[in-house]
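Here is a short note to read with the model open. The points are numbered so that each can be checked in turn.

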Amino acid sequence: MSGMLPAPQGRLPEYGWRSHGPGFLGIGIAVGLFVFGVVRLDLAPARFLSGLARLGDIMALMMPPSPETWSRFLVYLDALGQTLAIAVLGTTTAAVLALPLGFLAAHNIIANNAVHFLSRRLLDTVRSVDTLIWALIWINVVGLGPFAGALAIASADLCALAKLFSEAIETADRRPVEGVLASGGSRAASVRFGIVPQILPVFVSQVLYYIESNTRSATIIGIVGAGGIGLHLSEMIRVLEWQQASFIILMVLAAVAMIDAISRRVRRAMMSGR
Amino acid sequence: MTAGTARANHTIAVLPDMQLAPLFAAYRAAAAARRFRLLTGAVIAAAVLALSFVGAEVEPRTFWAKIGNAGDYFFRLAHLDTGAPVWTDPAEWFWGLKRWTRLLGETLLIAYVGTAVGVLGAFAACFVASERLVGNRWGRAAARRVLEVCRTVPDLVFALIFVVAFGLGPLPGVMALAIHTAGALGKLFAEIVDNIDMKPVEGVAAAGGSWFARVRFGVVPQVLASFASYSLLRFEINVRGASVLGFVGAGGIGEELIIAIRRFYYADVSAILLLIVFCVMLIDMGSAQLRHSLARLEGAR
């Protein structure tokens with residue numbers, strides 16, 4: 001061909017084992033692990049397909065979502081309120097307890113390496129226990145009911161929030177603290193007027209965000225008997241009352257959307273109010 | 001007002017009282033408004049809290065009566081049936097180690113396969129949900145709604161329903177994690193795709209590339225690293241989630257744990273919990289390492 005482009009000068013970038021080897025190796029390991037998992041967990045296609053067919057039937061039975069009677073609807077509404085109460089109370093308790101813990105784990109407040117290391121490890125350890133496990137433990141301690149649920153959410157989020165707060169404290173600007181100290185303030189005053197105003201917005205917005213996400217967690221802790229709407233949901237699924245189950249799921253979705261909207265507005269108000 | 005004395009001693013310019021007065025008034029009004037806003041916020045927050053105290057049936061008196069139980073409970077967690085502290089006889093404490101390790105491995109595999117399927121789903125969905133690549137507004141809105149439902153409904157609720165449809169075992173657990181993961185990651189992925197640089201995509205289009213080629217050579221190289229690191233983060237979350245899937249019969253170590261807790265096998269509870277915590281921390285550390293090396297790779301390019 002006469003209109004051909006001139007041959008490229010110099011070396012072309014290598015497209016071979018050296019440049020793409022690690023990538024191929026990673027993909028190979030990932031795919032191998034996936035296949036191993038499918039075989040080991042016995043995820044048979046036949047079972048999957050027959051299950052899908054049954055799932056289709058269930059979806060059809062869920063339509064239309066309905067609470068059947070008004071009195072059931074009121075019961076669900078009450079349980080939903082309880083769920084929200086659990087989320088709010090659990091998160092607030094966690095936040096109030098997490099604040100001093102956060103200061104303890106922050107490097108610029110307690111400049112002791114041992115305390116810092118131990119508190120961080122402890123926070124990490126407790127953080128890896130799921131809310132639902134906490135719920136089961138608290139049920140054994142305080143009995144069935146929403147109180148156990150609130151305690152479960154508080155203990156599960158205490159450490160996550162403490163870690164967030166300690167990071168916020170560590171990244172806080174030093175200059176206000178130095179200013180307070182330079183004008184003769186005590187160390188306590190430097191924390192109160194130098195650090196607290198900086199982390200308060202972080203504190204409130206994180207608490208709001210956790211209330212949102214805990215509304216979701218609070219719906220499932222009822223499954224093990226720790227109060228709220230989850231109890232009704234798992235009951236309706238167990239007795240195969242699909243219309244009521246789907247109605248409860250819709251109620252949860254509506255509640256989460258509502259909390260979402262409220263917390264977004266509060267956060268925006270806080271940002272503009274400052 | 002010390003305006004006069006200040007002027008006498010120094011050469012600082014101070015406004016006369018007549019001009020200062022409105023400024024002070026404005027300042028006081030602003031401070032009062034701020035205080036009022038703060039007070040309203042505090043009152044609303046207190047009201048919500050009081051309401052939730054009633055809603056969650058918290059009674060301070062029973063709380064103090066029961067809080068002693070907590071200490072008692074945690075004390076028993078640390079003791080064997082014989083009454084000896086657990087650490088004096090590790091062999092007796094971890095008597096079921098072999099079985100528990102196998103179940104823990106199953107939990108990890110459920111988390112891994114569930115995450116992998118979910119990531120593939122999210123990958124497919126994000127291109128539909130992103131406004132950069134698909135012009136069809138209705139398809140986009142539909143994809144976003146579906147993703148929203150998938151991530152708002154907790155994975156355990158999906159597991160409850162799937163256990164009825166697919167029967168007991170790991171299959172419903174994997175499906176539940178996959179759907180929840182697809183919902184959560186689909187949204188994040190779509191946001192990443194919305195923020196890409198369009199020039200490479202236009203370049204491929206100008207060279208005559210198909211839609212597929214534009215995605216493959218224009219989009220994927222830009223987003224792959226962030227997709228991978230979000231997927232790893234999700235895997236960490238799913239390991240925690242998979243540890244409780246067994247509570248509803250969807251496989252893994254959860255079933256063993258709920259039986260131990262319900263039947264008050266205290267030493268077993270603490271042994272299994274320790275194993276889970278150890279495993280989760282190990283996974284978190286490995287995944288953090290991988291994410292950091294991914295970030296380094298990205299930085300080197």
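1. Accessible areas here come from the Shrake-Rupley method with a 1.4 Å probe. On that basis, chain B has an accessible surface of about 16500 Å². Carbon and sulfur atoms account for 67% of that surface. Keep in mind throughout that this is a predicted model.

2. Fold of chain B. The secondary structure consists of twelve helices and zero strands. Read along the sequence, the pattern is α-α-α-α-α-α-α-α-α-α-α-α.

3. Overall dimensions of chain B. The radius of gyration is 29 Å, whereas a compact globule of 301 residues would have one near 19 Å. The C-alpha trace spans about 90 × 75 × 40 Å along its principal axes. Of the 301 residues in chain B, 44% are buried.

4. Contacts in chain B. Take the contacts between residues at least 6 apart in sequence. Of these, 69% join residues at least 24 apart.

5. Domains of chain B. The assignment gives domain 1 as 16-55 and domain 2 as 99-300. Taken over C-alpha atoms, the centres of these two domains of chain B are separated by 45 Å.

6. Domains of chain A. Here the assignment gives domain 1 as 23-61 and domain 2 as 69-273. The centres of domain 1 and domain 2 of chain A, again over C-alpha atoms, are 34 Å apart.

7. Nonpolar patch on chain A. Which residues make the nonpolar surface patch of about 490 Å²? They are A:Phe24, A:Ile27, A:Val31, A:Val35 and A:Val39. A:Val31 sits in helix α1, residues 17-40 of chain A. Patch residues need over 30% relative accessible area. A:Val31 has 47%, so this residue passes that cut-off and is classed as partly exposed.

8. A:Gln244. Is this residue buried or exposed? A:Gln244 is buried, because its relative accessibility is 6% and the limit for buried is under 20%. The residue belongs to helix α10, residues 242-273 of chain A. Beyond neighbours within four places in sequence, A:Gln244 contacts A:Ser66, A:Pro67, A:Glu68, A:Arg72, A:Tyr76 and A:Met236.

9. Salt bridges, overall. How many are there over all chains? The count is ten salt bridges.

10. A:Arg175 with A:Asp173. The closest N and O atoms of this salt bridge are 3.1 Å apart. A:Arg175 is exposed at 60% relative accessibility. A:Asp173 is partly exposed at 32%.

11. B:Asp72 with B:Arg76. Their side chains form a salt bridge at 3.2 Å, N to O. Both residues lie in helix α3, residues 60-77 of chain B. They are four residues apart, about one turn of the helix. B:Asp72 is partly exposed, with a relative accessible area of 37%. For B:Arg76 the value is 37%, and this residue is partly exposed too.

12. B:Lys187 with B:Glu191. The N to O distance in this salt bridge is 3.9 Å; the cut-off is within 4 Å. Helix α8 of chain B, residues 170-194, holds both residues. The spacing is four residues, about one turn of the helix. B:Lys187 is partly exposed at 38% relative accessible area, and B:Glu191 is partly exposed at 39%.

Note on methods. Residues numbered from 1 in each chain as written. Chains lettered and ligands numbered in written order. Predicted model: local features only at pLDDT ≥ 70, side-chain atom pairs only at ≥ 80, totals over all residues. Heavy atoms only, no water. Patch = residues over 30% accessible without salt bridge, like charges linked within 9 Å, V, L, I, M, F, W, Y side chains within 5 Å. Helix = DSSP H or I, 4+ residues; strand = E, 2+ residues; numbered from the N terminus. Buried < 20%, exposed > 50% of the residue type's maximum accessible area, 1.4 Å probe, protein only. Domains from an automatic or database assignment. Rg over C-alpha atoms; globule rule 2.2 N^0.38 Å. Contact = heavy atoms within 4.5 Å.
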